Amino acid sequence: MLELRPNCECCDRDLPPQSTEARICTYECTFCATCAETVFAGICPNCGGNLVPRPIRPESKLLKDPASTKRQLRSEPCGARGAA
């Protein structure tokens with residue numbers, strides 16, 4: 001089950017569960033569309049995988065399986081690429 005992380009790991013922009021601006025990789029690293037496209041050129045800086053639009057969980061399902069509230073930020077500055 002996707003965590004639906006609440007923020008961009010680069011700029012800390014809020015990305016609520018219904019956001020169409022959230023981008024994720026297969027490890028669920030989460031970035032806003034702007035950072036994903038302009039800073040990282042569609043490639044996850046953490047794993048090297050591609051960043052794709054995050055699916056939206058229907059409101060009725062959020063009651064049973066809520067989105068994460070734990071914010072995450074990259075340990076390296078944005079723009080520093082380092083595939084794990």
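## Terms and model

Buried means under 20% relative accessible area, exposed means over 50%, and partly exposed lies in between, with a 1.4 Å probe and protein chains only. This is a predicted model, in which local features need pLDDT of at least 70, side-chain atom pairs count only at pLDDT 80 or more, and totals for chains, interfaces and linings use all residues. Residues are numbered from 1 along each chain as its sequence is written, and side-chain values use heavy atoms, with hydrogens and water left out.

A36 is buried, at 3% relative accessibility. This residue is part of helix α1, residues 33-39. Helices (H or I, at least four residues) and strands (E, at least two) are DSSP runs, numbered from the N terminus.

Setting aside residues up to four places away in sequence, A36 touches R23, F31, A41, G42 and L51. Contact here means heavy atoms within 4.5 Å. The C-alpha atom of A36 is 9.4 Å from that of N50, a residue 14 positions away along the chain.

## The nonpolar core

A nonpolar core is a set of buried Ala, Val, Leu, Ile, Met, Phe, Trp, Tyr and Cys residues joined through side-chain atoms within 4.5 Å. The largest one has 13 residues, and those with the most contacts inside it are C8, C10, F31, C35, C44 and L51. Strand β2 (30-32) and helix α1 each supply at least two residues of this core.

Beyond its neighbours within four places in sequence, C44 is in contact with C25, C29, F31, G49 and L51.

## Cysteine pairing

A disulfide is counted when a pair of cysteine sulfur atoms lies within 2.5 Å. By this rule there is one disulfide. It joins C10 and C78, whose sulfur atoms are 1.9 Å apart. C10 lies in the segment before β1 (22-24) and C78 in the segment after α2 (59-64), so the bond ties together parts that are 68 residues apart in sequence. C10 is buried, with a relative accessible area of 17%, whereas C78 is partly exposed at 35%.

C29 is buried, with a relative accessible area of 9%. C35 is also in no disulfide, and the nearest cysteine sulfur, that of C32, is 3.6 Å away. C35 counts as buried at 6% relative accessibility.
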